[in-house]
Amino acid sequence: MTSLLIRNAACVATFDDARTEWRDASVFVRENRIEAIGPAVDLPQSADEVIDARGHLVVPGLVNTHHHMYQSLTRAIPAVQDAELFSWLRGLYPIWSGLTPEMVHVSTQVAMAELLLSGCTTSSDHLYIYPNGVRLDDSIDAAREIGMRFVATRGSMSVGASQGGLPPDRVVEREDTILADTQRLIETHHDAAHGAMVNVAVAPCSPFSVSRDLMRESAVLARSFKGLGVRLHTHLAENDHDIAYSREKFNCTPTEYAQDLGWLGPDVWHAHCVKLDAAGIALFAKTKTGVAHCPCSNMRLASGIAPIRRMLDAGVPVGLGVDGSASNDGAHMVNEARQALLLARVGRSLEPFGCDHGPSEMTARDALAVATHGGAEVLGRTDIGHLAPGMCADLALFDLNTVAFAGGAVHDPVASLLLCASPQAAYTVVNGRVVVREGRLATVDLGPLVERHNRLARLLAAV
Ligand SMILES: Nc1nc2[nH]c(O)nc2c(=O)[nH]1
């Protein structure tokens, strides 16, 4: 049995239900689980591996609930830098049609490297385009190599432009192919155990790219794996065009669409939900349907401001998502939490007579709870998202003696993580393994990876 001791941290913020925070504390890990947390003097003084955490803040590894990792190949493409969702997608689908298995593997590792370096230990990814022999296995292999906990979602598109959908016909798949491949992936890779490093979820893309039949059949497929926690994921209510599409094609609101198709429940999480109305919030809360809130992307595409405080107050499970790297060109989970905090505050101030919370609309600790505990709940994981004995050893450490924290950490190290400029993690531990050490990725050689990624990005854009 190997052990890891994170010793003498300035502060350990557990984000357990009581939001317990320890000063001058240690965390003792055996194999992949936390065995003890508490005052440094009360914990073991040695272990197989010891991290000297003096002057560091320790938090639970952040949990990213929505991403499209392949999009890191198409960041900052000039033609769509200033586009809203539908024209942004129309501009990018033709480029993405040139994706290859190698591109998916490499871009997934780049996206994961970026997340790990920001203290994120678990990520979901929504891969919904499968040209040229691409398979979700390409992403899963990439995650295993780099050492990130992964919720791989088998996305899909089946309604092309000729059938009234948004994507060009050449990037959509047959629905029987989608369902058969999804079943294969669950049977091959999905792990329902405590500490699982790979989960597979079922994820038809969006109301404007899949049929209602596929939505229904996807839900039936996921739920046929009884007791194995196979979840459902899609995009919902992202912007006004998205709402108008549902109104015109289906004559209903996004929530009515989801309800009609069996897409509400504690095994479902929807990305964005910027335009969820009061009835939608109430129904999501009642059914414990989750939301992946993506503030940076929602700002980048001018989609709007999701009513996160109202969702949280109603009891909707809410996690954070950086979203795809082409609509949030910087995937940094601490920054995402910072932006969630800032956007919630400005959003409430824009509502007529709505400034009842003011700046306390979302506190730093609220936003960090959404980024950790909330994300775990949205992904259906009870073994990650907070620090406690028995939980998976997923942690992030931040060096408080850096310029970004100067004058902040002395007053409140936890709040400073979001109120000050977003730092890189000094250490990131996933499942008891040190994946980022002294600010550097320990599992993959980042220089050659980025070089290969950029060569592939140029190739893809030139197709
Ligand atoms: N932000 C995003 N929204 C989407 N909807 C959809 O169908 N695809 C996307 C996407 O890639 N990003």
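These are my notebook entries on a predicted model, written up by topic.

**Entry 1: the cavity**

My search of the whole structure turned up one cavity of 30 Å³ or more. The space in this largest cavity comes to about 110 Å³. I then asked which residues lie nearest its centre. They are His68, Leu85, Leu89, Tyr128 and His235, out of a lining of 16 residues. Helix 1, residues 85–96, supplies the largest share of that lining, with four residues. By type, I noted eight nonpolar residues in the cavity lining, along with six polar and two charged ones.

Next I turned to open space. The largest pocket holds about 330 Å³. Its lining has 17 residues, and nearest the centre I found Arg19, Leu312, Ala369, His373 and Gly374. Which elements give two or more residues to this lining? I wrote down helix 10 (308–314) and helix 12 (364–378). Helix 12 gives the most, with six residues. Sorting the pocket lining by type gave me seven nonpolar, three polar and seven charged residues.

**Entry 2: salt bridges**

How many salt bridges does the whole structure contain? My search found 25, and I picked out a few to look at by hand.

Are the two partners buried or exposed? Aspartate 181 has a relative accessible area of 16%, so I logged aspartate 181 as buried, the cut-off being under 20%. Arginine 154 is buried too, at 2% relative accessibility.

I then followed the neighbours of that pair. Arg154 and Asp181 belong to a network of salt bridges that also includes Arg135, Asp137, Glu173 and Arg184.

My next stop was arginine 381, which forms a salt bridge with aspartate 383. The closest N and O atoms there are 2.9 Å apart. Arginine 381 counts as buried because its relative accessible area is 9%, and aspartate 383 is buried at 3%.

For a pair in another setting, I opened up arginine 23 and glutamate 21. Their side chains meet in a salt bridge at 3.8 Å, N to O. Arginine 23 is partly exposed, with 45% relative accessibility. Glutamate 21 is also partly exposed, at 26%.

**Entry 3: a nonpolar patch on the surface**

I looked for nonpolar side chains on the outside. Ile305, Val346 and Leu350 form a nonpolar patch on the surface, and together they have about 260 Å² of accessible area. I checked valine 346 in more detail. Valine 346 sits in helix 11, which covers residues 333–350. Its relative accessible area is 39%, so valine 346 goes down as partly exposed.

**Entry 4: backbone angles**

Which phi value does asparagine 8 have? It is near 65°, a positive value in a residue that is not glycine. Asparagine 8 is placed in strand 1, residues 3–13. With 31% relative accessibility, asparagine 8 is partly exposed.

Glutamate 31 also has a positive phi, about 55°, although it is not a glycine. Where does glutamate 31 lie? I found it in the loop between strand 2 (21–30) and strand 3 (33–39). Glutamate 31 is partly exposed, at 38% relative accessibility.

**Entry 5: one distance check**

Last, I looked at phenylalanine 225. It is in the loop between helix 5 (212–224) and strand 10 (232–236). Buried or exposed? At 14% relative accessibility, phenylalanine 225 counts as buried. I also took the C-alpha to C-alpha distance from phenylalanine 225 to valine 172, and it came out at 26 Å. In sequence, these two residues are 53 residues apart.

Methods. Residues numbered from 1 in each chain as written. Predicted model: local features only at pLDDT ≥ 70, side-chain atom pairs only at ≥ 80, totals over all residues. Heavy atoms only, no water. Patch = residues over 30% accessible without salt bridge, like charges linked within 9 Å, V, L, I, M, F, W, Y side chains within 5 Å. Areas by Shrake-Rupley, 256 points an atom, 1.4 Å probe, with all protein chains shown as cover. Salt bridge = Lys/Arg side-chain N within 4 Å of Asp/Glu carboxyl O. Buried < 20%, exposed > 50% of the residue type's maximum accessible area, 1.4 Å probe, protein only. 1 Å grid on protein atoms, 1.4 Å probe; cavity = no way out; pocket = protein on both sides within 12 Å on 5 of 7 lines; lining within 4 Å. Points joined across faces, edges and corners; volume = space filled by probe spheres on them. Nonpolar A, V, L, I, M, F, W, Y, C, P; charged D, E, K, R; others polar.
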